[in-house]
Amino acid sequence: MDLKEQEVKTMQGQVGLLFFIALLSFGTADGQVSYSIPEEMKVGSLVGNVAQDIGLELKRLVNGKARIHSTGGVAYIELNKERGALVIRDRIDREALCGETTCALHFQLILENPMELFRIAVEIVDINDNAPSFASNEKHFEISESAIVGSKFVLDEAIDADIGLNGLQSYSITPTDNFVLKLEKQIDGSQNVEMILQKPLDRENIEQISLLLSASDGGDPQLSGTMQIYVTVLDANDNSPHFTKPVYKATLTENSPKGTSVMRVSASDKDKDSNGEISYAITNSRRRLSDLFHIDKTSGEVTLVGNIDYEKNKHYQVDIQAIDKGGLSDSSKIIVDVIDVNDNRPLINVLSKSENIIEDSPPDTVIAMLSVSDPDSAENGEVECSMISSIPFKIQSTSNGFYSLVTDVALDREVASYYNVSVTCSDKGVPSLSSSISLALQITDVNDNQPLFEKTSYEGNVVENNPPGTSVLMIKAIDADWNQNARVSYILEDSSINGVPVSSYVSVSADSGVIHAVRSFDFEQIKDFHIHVKAQDGGSPPLSSNVSVKILIQDQNDNAPQVLYPVQTGGSLVAEMVPRSADVGYLVTKVVAVDVDSGQNAWLSYKLQKATDRALFEVGLQNGEIRTIRQVTDKDAVKQRLTVIVEDNGQPSRSATVIVNVAVADSFPEVLSEFTDFTHDKEYNDNLTFYLVLALAVVSFLFITCLVVIISVKIYRWRQSRILYHSSLPVIPYYPPRYSDTLGTGTLQHVYNYEVCRTTDSRKSDCKVGNTGSQNVLIMDPSSTGTMQRIQSEKSILDEPDSPLEVRN
């Protein structure tokens, strides 16, 4: 317990001193920051201000997602981004971490946006926290009293896990009456401890000798360990064993199976019988190699009993001892060199990686940083990394063991939006070992593609007389980009059709590209027109393309045929004359009709619907020619009435009817005499006369009523003026609104004149309301021979000189 407390105090004192030194000692070289700290520092202790030493702002550490990457093992040191400092994360035991060699931690500080890497080395300084110790607390020797002065006795070497001054420095033995220590430094830096007899032994004087062997280090305070040595004095044995070689050398391949023979050692003793019998043993050493090697006590055969790994230890020094029955001994050593075997695959660590990369990134853009290591030696540890050549990336070696994955050429998301990048690292061993990793990389879209229409031009049809909102056709454009950059909107380009904006004709759905008719079209007014539609994506800035669309108006049978000849008049009759001497096929006349529709809707056919004598005339189906189909005779009536129907070829068809009057006669007077009665319609004349008389009666009644009202008003006003004349009150005349008095006698604002015109044939007369005066009516009566009748208009009763109402024209 006293020794343990002394070790703790010693460790605390050295930690404080070395920590102060470490805070003052750091340096940078070749992009690397170095620190030196003592082992066993408390968790959370400061290692160094790495942000200040590298020249980085604290904001850069946070925005760059700074992190510490260690190539393997436990992360003993972590980064405090708020302070920009490196602090202790876990307890560091230099002896457990590095053993007998100098110790340093190597790791990387990684930043992103942009990617940066800084190498950091932290040297772990040893403190005197381990006292020298022996494998056993005591050791027994049996030495013959005949042993000569100078005889050597090999002692166990003490073990001190510390290094340098804190490691094992000296041995001492007490008492020194018969024995002294001899220290012999070995090639590996260790010491061979031997006890030398300096005074002959006398078993009869003293049979048992007790010695204390002490081992001390050079720390401050100094730590030490002890081992008790007991010497039993035997009877005479005056020759000690002797090894054939002071040093044995052997080679052993790593991962050799247990039981593998390393070599055979041999020693000789000149004594005979039991004093010449030799036994072999492995003495304790620093590395406690008895767990790895075994030596046969009798034969000296050394075999492997543990697992050896080149990556842990490349060389082993096995101390051996030969002892005879008389207690005399000799020592030697076996140097075992371990041969490396390619038993480790390269280790790949991803230091930093971009999940997404913009497709317009320039070549040599860094997308990942890798750290590759192989603990094997020579060619077994030389690593080369490669990747398949069919992808637009390449791998570059930035420094020893570090690689960058960069773009090789310009990327195009429309060609490939996702890459699974496989990196393979192989060593140069035989056979070669390799490791692979896969990196998933998403290509971010850039708006570099304009919408493209499926056709170079479009053509749509709409039937005339369509209801507004009718869908005409749908256009479609495709954008090779993604998401918002591929969202296409359709816009109708501004233009005009016959001076009218195109938006008054059609509209385009912005989302679907469906073109709708805004108005009802008439084929007879417009047969086709062109519009231009723009497809625009949702990128920033947006890209667009245009396409021409032709809209064709399809005809509908919405117009009936119109008869141009013969002209149908309401007043006079037109008749075609056919002489009685006309032969068969005589052309009487031709019905001429047109249809403003088009196509089959305008194909006309002519049919005879009614006829006075159907056996006398026929109508050409296609040309509308009316011809006789037999010889005209004297028995045929003079007046012939034909009803011809004109039909188009539409579905459903439309038609028009025309009446053709034909006179079968040889002279004009004969025709007039026959057609006079034909044109009169007595019933029609009677009806028209009745309505005229009724209208005249109504107008006369209204006139008389107005006259009575005016006279009553005049009398009333005359009486009121008389009353005011006899009173003393002032007279203030009052006029109703819109009242107009002419010469102080009129009460009506306007005078209305009525005129009725009639003719003998009232069915053909007109009725007019006009101003005062005479008017002429010219009537062509079929019963007359062109005589004009002048009808004078009657004077109104209001023109009488005695009338109280004054008429103003």
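Predicted model: local features only at pLDDT ≥ 70, side-chain atom pairs only at ≥ 80, totals over all residues.
**Stop 1: Cys 385 and Cys 425**

The S to S distance is 2.0 Å. Now show the strands around the pair. Cys 385 sits in strand E28 (residues 383–387) and Cys 425 in strand E31 (residues 418–427), so the bond ties together parts that are 40 residues apart in sequence. Are these two cysteines buried or exposed? Cys 385 has a relative accessible area of 15%, which is under the 20% limit, so Cys 385 counts as buried. Cys 425 is buried too, at 0%.

**Stop 2: Cys 98 and Cys 103**

Move to Cys 98 and Cys 103. A disulfide joins them, S to S 1.9 Å. This link is right-handed, with 45° about the S-S bond. Cys 103 is buried, at 4% relative accessible area. The structure holds 2 disulfides. Number the bonded cysteines in sequence order and the pairing reads 1-2, 3-4.

**Stop 3: Lys 394 and Asp 408**

Go next to Lys 394 and Asp 408. Their side chains meet in a salt bridge, 3.9 Å from N to O. Colour both side chains by accessibility: Lys 394 is partly exposed at 28%, and Asp 408 is partly exposed at 36%.

**Stop 4: Other salt bridges**

How many salt bridges are there? The count comes to 20. Pick Arg 60 and Glu 116, where the closest N and O atoms are 2.9 Å apart. This pair also links distant parts of the chain: Arg 60 in helix H3 (residues 58–63) and Glu 116 in strand E8 (residues 116–125), 56 residues apart. Arg 60 is buried, with a relative accessible area of 17%. Glu 116 is partly exposed, at 28%.

Then select Lys 353 and Glu 355. Their side chains form a salt bridge of 3.0 Å, N to O. Glu 355 is exposed, with a relative accessible area of 52%.

**Stop 5**

What is the strand order here? This open sheet of 3 strands runs E35-E41-E40, with antiparallel pairing. Strand E35 (471–474) and strand E40 (506–508) are the edge strands, and each pairs on one side only. From one strand to the next, the twist averages 20°. Strands of a sheet pair through backbone hydrogen bonds. Zoom in on E35 and strand E41 (residues 514–517), which pair in the antiparallel sense over 3 bridges. Ser 471 stands opposite His 516 in E41.

**Stop 6**

Centre on Leu 702, found in helix H6 (residues 682–726). Leu 702 has 47% relative accessibility, so it counts as partly exposed. Finish at Cys 706, partly exposed at 41% relative accessibility.

Key:
Residues numbered from 1 in each chain as written. Heavy atoms only, no water. Helix = DSSP H or I, 4+ residues; strand = E, 2+ residues; numbered from the N terminus. Buried < 20%, exposed > 50% of the residue type's maximum accessible area, 1.4 Å probe, protein only. Pairing = 2+ DSSP bridges. Axes fitted to C-alpha atoms, helices over the stretch in contact; angles between N-to-C directions. Disulfide = S-S within 2.5 Å. Salt bridge = Lys/Arg side-chain N within 4 Å of Asp/Glu carboxyl O.
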